[in-house]
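Here are some friendly notes to go with your first look at this chain. Please keep the sequence and the 3D view open as you read.

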Amino acid sequence: MTGSKKGFSLVEIMVVLVIITSLAVISGPALSSLAKGQDITQAGALLEQTMNQARQIAITENRRIEVRFFQYDSPEIPGVDEEYRSMRIVALQDNGEAIPVSKILNLPKSIVINQSSELSPLISEVSRTKTYDGSDDPIDTLPVIGQPAETKYITFRSDGSTDLDPSGGESGKWFLTLHDNESDSTTGTAPDNWVTIQVEPLIGTVTVHRP
């Protein structure tokens, strides 16, 4: 005897849709938080790698190497203004000419460098500042055409040390903090998720800290 096949009723389909929608609403914030955490991890690894690479090049090639951090508006991220979001390794010739060693390295779009003295003295207390508009310094042409970009920079010497004050400035240490761009980058209060890169000025080594 052949049994008849029974399909889903409209009520059953509606119940399934309600369950799926509820699960999506519940899991949405968790997935968003996970994605931001992955971006922060990626950004921290990129910054650590960049700093270590700059130091190694300075030692290997016996020359001064700069790491430049760029601050600018990004039209790709409306409402988020004047953030430090890119970096580049630059070699300095004896005559002062700057030669690019790396391309401009961009942090994930959701991540910025904090600018406060509490979380990023390496940015806030370092007075070495340059402004580029892409015309007078073509090696620092940024993805944002026609937008001026301010940069803070540190220099690694040929012995691996930096040009940072050995006393560590007001905070006693040199470091900067990365976090998501939804958190205020000018405040000294750390968000829930962040990564800090600390530089030892006398030997140039880099340490990564996470909550």
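The points below go from the whole chain to single residues.

1. **Before you start.** This is a predicted model, in which local features need pLDDT of at least 70 and side-chain atom pairs count only at pLDDT 80 or more, while totals for chains, interfaces and linings use all residues. Residues are numbered from 1 along each chain as its sequence is written, and side-chain values use heavy atoms, with hydrogens and water left out.

2. **The overall plan.** You will find 2 helices and 10 strands in the chain; helices (H or I, at least four residues) and strands (E, at least two) are DSSP runs, numbered from the N terminus. Read from the N terminus, the order is α-β-β-β-β-β-α-β-β-β-β-β. Of the 211 residues, 42% count as buried, where buried means under 20% relative accessible area, exposed over 50%, and partly exposed in between (1.4 Å probe, protein chains only).

3. **Surface and contacts.** The chain exposes about 11600 Å², and carbon and sulfur atoms supply 54% of this area; accessible areas come from the Shrake-Rupley method with a 1.4 Å probe, and for residues only the protein chains shown count as cover. Among contacts (heavy atoms within 4.5 Å) between residues at least 6 apart in sequence, 63% join residues at least 24 apart.

4. **The core.** A nonpolar core is a set of buried Ala, Val, Leu, Ile, Met, Phe, Trp, Tyr and Cys residues joined through side-chain atoms within 4.5 Å. The largest one here has 31 residues, and Leu47, Met51, Phe69, Ile113, Leu122, Leu176 and Leu178 touch the most other members. Elements giving two or more residues to this core include H1, strand S1 (64-72), helix H2 (121-124) and strand S8 (174-180). H1 gives the most, with 7 residues. Setting aside residues up to four places away in sequence, Leu47 touches Phe69, Met87, Leu176, Leu178 and Ile197.

5. Do look at S2 (83-92), where 10 of 10 residues are buried. Two strands pair if DSSP finds at least two bridges between them. S2 runs antiparallel to S1, with 9 bridges joining them, and Ile65 stands opposite Ala91 in S2. S2 also pairs in the antiparallel sense with strand S3 (residues 98-100) over 3 bridges, with Val90 opposite Pro100. The hairpin of S2 and S3 has 5 residues between the strands, and Gly96 takes a positive phi near 90° there. A further 2 bridges join S2 to strand S4 (residues 105-106), again antiparallel; here Ser86 has Asn106 as its bridge partner.

6. **Phe175.** Beyond its neighbours within four places in sequence, Phe175 is in contact with residues including Glu118, Pro121, Leu122 and Ile197. Thr196 is 21 residues from Phe175 in sequence, yet their C-alpha atoms lie 6.7 Å apart.

7. **Thr155.** This residue sits in strand S7 (residues 149-156) and counts as buried, because its relative accessibility is 8%. Leaving out residues up to four places away in sequence, Thr155 touches Arg64, Ile65, Glu66, Ser161, Thr162 and Asp163.

8. **Ile13.** Ile13 belongs to helix H1 (residues 10-61) and counts as partly exposed, because its relative accessibility is 40%.
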